Amino acid sequence: MAAKIKKKMGIDILGTIDIKENNGIFIEVQDIDKPMNLADLIKDFNGLEVKISLAQSEEIA
């Protein structure tokens with residue numbers, strides 16, 4: 001039997017990923033002045049079991 005109550009914590013980011021040579025991962029998000037460190041964005045999930053998914057899409061005229 002499935003649980004009737006679920007509590008979720010999540011983050012959705014739409015931006016350009018920038019993987020640096022020193023393994024730093026940054027996200028450039030429209031309307032935000034400087035790239036954001038991915039580790040800083042997801043630190044609330046530290047130590048938790050998570051599912052990570054990345055997707056890329058292109059607009060076709």
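Modeller: Strands E1 (residues 16–19) and E2 (residues 25–28) run antiparallel and are joined by four bridges. Two strands pair if DSSP finds at least two bridges between them. This is a predicted model, in which local features need pLDDT of at least 70, side-chain atom pairs count only at pLDDT 80 or more, and totals for chains, interfaces and linings use all residues. Residues are numbered from 1 along each chain as its sequence is written, and side-chain values use heavy atoms, without hydrogens and water.

Colleague: Which residue is the bridge partner of Thr16 in E2?

Modeller: The partner is Glu28. Five residues lie between the strands of this hairpin, where Asn23 takes a positive phi near 75 degrees.

Colleague: What pattern does the chain follow along the sequence?

Modeller: Helices (H or I, at least four residues) and strands (E, at least two) are DSSP runs, numbered from the N terminus. Here the pattern is β-β-β-α, with one helix and three strands.

Colleague: What is the radius of gyration of the chain?

Modeller: The radius is taken over C-alpha atoms, and the globule rule is 2.2 Å times the number of residues to the power 0.38. The chain has 15 Å, whereas a compact globule of 61 residues would have a value near 10 Å. The C-alpha trace spans about 45 × 35 × 20 Å along its principal axes.

Colleague: What percentage of the residues is buried?

Modeller: Buried means under 20% relative accessible area, exposed over 50%, and partly exposed in between, with a 1.4 Å probe and protein chains only. Buried residues make up 7% of the 61 residues.
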